Amino acid sequence: MAQLFNRRWNYYAKASIVVGGLSVVAVLGALGAYFRSPLYTRQNEFVDQPVQFTHEHHVAGLGIDCRYCHFSVEKSAFAGIPPTKVCMNCHSQVWTQAPILEPIRESYRTDKPIKWVRVHRLADYVYFNHSAHINKGIGCAECHGPVDRMPLIFQTASLQMQWCLECHRNPEKFVRPKDKVFDMTYTKPADQAKLGKQLVQELHIQSKVSCTVCHR
Amino acid sequence: MASPSASAHIAQESDPIIAPGHSLGSVTEKISSVVLTKEFRPGWLAGFALCAGLVMVLAISIGWLLIRGVGIWGVNIPVGWGFAIINFVWWIGIGHAGTLISAILLLLNQEWRTSINRFAEAMTIFAVMCAGMFPLLHVGRPWFAYWMLPHPNTYALWQQFRSPLQWDVFAVSTYATVSMLFWYVGLIPDLATLRDRAKNVFAKYIFAFLSLGWRGSSRHWFRYETAYLLLAGLSTPLVVSVHTVVSFDFAVGIIPGWHATIFPPYFVAGAIYSGFAMVLTLAIPIRKFFKMEDLITSRHLDNMAKVMLATGLIVGYGYFMEAFMAWYSGNDYERYLLFKNRMQGPYSPFYWALIFCNVIAIQALWSKKVRRSPVALFILSIIVNIGMWLERFVIVVTSLHADFLPSSWGMYYPTIWDVALYLGTIGFFLMMMFLFVRFVPMISIFEVRMLLEQKKEKEAAS
């Protein structure tokens with residue numbers, strides 16, 4: 001009886017093993033790369049805001065402390081988005097006619113808050129607490145990056161769980177003295193290994209890594 | 001004294017594995033004709049339609065589950081494991097007979113396995129599919145079920161290797177993979193036979209593709225035998241290990257009625273017991289419907305009934321030991337659970353029903369007459385299937401519904417969706433069996449032929 005498949009099919013059959021294996025690796029690899037890339041995490045992406053507020057100018061240029069606007073960061077889970085009145089503290093005196101600030105003035109006149117767009121978005125099922133981190137010597141810049149050098153704010157960290165756990169598993173590598181938490185120019189000393197251990201002791205940092213710490 | 005011609009009949013044997021009168025050609029013709037026909041018999045169609053209807057029930061109950069969540073089931077605190085785990089254990093147990101028949105009986109050179117191994121293995125695969133559905137659905141969000149497999153991820157997530165449920169993942173997935181490979185490798189020579197005999201061009205190409213270029217050269221046979229033996233060797237430990245790991249789901253928990261060292265052997269015996277019951281449940285109607293009585297003879301039924309009796313007695317010993325250890329330990333909780341709760345509590349009718357099904361009813365198998373009567377065996381096999389389901393129900397529910405703290409006691413009642421999902425998997429299982437008997441040779445053609453030839457040689461030598 002004649003063969004149904006000619007000789008060439010032997011090679012196709014063997015090649016399919018290699019090609020099949022490689023394509024599985026390629027697809028999984030591509031997926032893995034995608035989920036780690038800024039395409040997915042939205043790192044280093046500028047976000048359109050109602051007013052293009054510049055952190056660089058206000059923080060580095062004018063020397064305004066983080067807490068002037070993000071007033072609840074030490075006491076609450078939420079760092080606080082400044083109400084329009086905070087802007088108007090200064091902008092009723094300076095740049096009062098600047099066209100770029102018109103949305104601020106409008107919001108002030110009409111008593112309707114500005115709809116700022118959140119840049120650092122955590123998943124709904126993550127209960128992050130700013131005050132817990134601030135009070136245990138984790139600097140703002142540790143997660144938010146060099147905000148004082150960002151004309152427009154963007155997300156620098158991946159905000160993925162493995163990134164959270166990096167610090168939760170080894171807080172001594174990242175902790176700084178409490179009075180340096182809001183210092184945007186702080187750099188880690190050469191003896192961070194030693195200082196970190198000591199700070200972990202002093203600040204009673206207990207590495208919390210069980211699921212329910214963040215997923216309640 | 002046998003005639004040397006190929007169509008020679010086997011000399012009358014008092015209790016043959018293959019009924020007399022068969023030649024190599026008639027075996028091939030008989031088995032392959034079921035597959036290689038355009039005809040769909042009305043009985044087959046009716047059964048298939050009924051099972052397909054149950055698969056619709058399965059689809060609906062899974063759909064509603066995904067929309068509403070596991071809250072539609074009867075599970076809640078204190079009974080967090082209800083039908084899902086009961087059915088999982090029941091189905092996985094059923095699969096074990098197929099592996100035992102195909103692997104262990106092969107290694108032990110039991111000739112009678114030949115005509116039942118193919119569909120017992122198919123039964124294993126379909127049972128494992130049904131079993132796998134339950135834990136997948138019970139996790140609540142099945143699309144995250146891949147989290148149970150170790151893989152690089154951005155959550156820095158790692159599996160809890162101290163949990164027996166995690167061991168289950170590996171045990172069951174290994175079992176499913178090896179069973180499937182074993183079944184497929186064993187099918188290759190038969191698929192080639194079908195390729196050569198098929199008239200329909202479409203069917204010819206499908207069988208040619210699936211038979212991987214099998215030509216039956218001695219090199220092919222040599223490789224086939226090696227691979228098959230290796231797979232049998234791989235499957236053999238799985239017969240014991242898979243249900244051992246399943247029993248750890250219970251035995252590792254410190255709950256009265258679960259925390260017992262007898263669990264692994266007792267579960268393995270129970271698995272083989274229920275598996276053989278299911279093989280009988282399927283084999284008896286199949287051999288009748290397709291007139292395969294000369295290949296699946298009463299000798300096969302007899303042997304399977306004997307295995308069922310032996311494993312059933314081990315299971316009965318397990319029940320006895322559970323009660324004995326509860327009494328002998330002197331532990332209040334163990335004693336309360338066994339004697340007050342299981343035997344006299346709200347679920348006691350289930351306990352006594354299970355004792356009747358699994359211990360008392362099967363004593364009938366001591367009689368050779370019963371072991372050779374298809375009707376009696378069919379009824380008994382159904383009773384054992386029910387009994388083994390009840391066993392898992394009693395183990396899961398009585399231990400959980402009343403634990404150490406009386407204030408947290410409660411009752412478990414399955415909902416309509418629990419029942420619908422269970423019936424749905426039965427429908428799925430039977431539907432797959434219907435498809436299998438119609439589109440795949442249900443008995444291994446080449447192995448029966450080989451057996452026939454060996455018999456003839458033996459006779460010629462004697």
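Tutor: Start with Lys291(B), in the loop between helix 8 (263–289) and helix 9 (298–329) of chain B. Helices here are DSSP runs of H or I, at least four residues long, and strands are runs of E, at least two, numbered from the N terminus. Residues are numbered from 1 along each chain as written, chains are lettered from A and ligands numbered from 1 in written order. This is a predicted model: local features need pLDDT of at least 70, side-chain atom pairs count only at pLDDT 80 or more, and totals for chains, interfaces and linings use all residues.

Student: Why does Lys291(B) count as exposed?

Tutor: Lys291(B) has 10 C-beta neighbours inside 10 Å.

Student: What is the phi of Lys291(B)?

Tutor: Phi is near 55°, a positive value in a residue other than glycine. Most residues other than glycine have a negative phi.

Student: Which residue of chain A has a positive phi although it is not a glycine?

Tutor: Asn44(A), at about 55°. Asn44(A) lies in the loop between helix 2 (38–41) and helix 3 (55–61) of chain A. Asn44(A) has 10 other C-beta atoms within 10 Å, so it is exposed.

Student: How do you know that the peptide bond from Ile77(B) to Pro78(B) is cis or trans?

Tutor: Look at omega: it is near 10°, and the bond is cis. Pro78(B) sits in the loop between helix 2 (42–68) and helix 3 (83–107) of chain B.

Student: Why is helix 4 of chain B called roughly antiparallel to helix 14 of chain B?

Tutor: Helix 4 (residues 117–138) and helix 14 (residues 416–439) of chain B pack at about 150°, with axes 10 Å apart. Angles over 145 degrees count as roughly antiparallel, under 35 as roughly parallel, 65 to 115 as roughly perpendicular, and the rest as oblique. That makes helix 4 of chain B roughly antiparallel to helix 14 of chain B.

Methods:
Axes are lines fitted to C-alpha atoms, for helices over the stretch in contact, and angles run from 0 to 180 degrees between N-to-C directions. A residue is buried if 20 or more other C-beta atoms lie within 10 Å of its own, exposed if 12 or fewer, and partly exposed in between; C-beta atoms are placed from the backbone.
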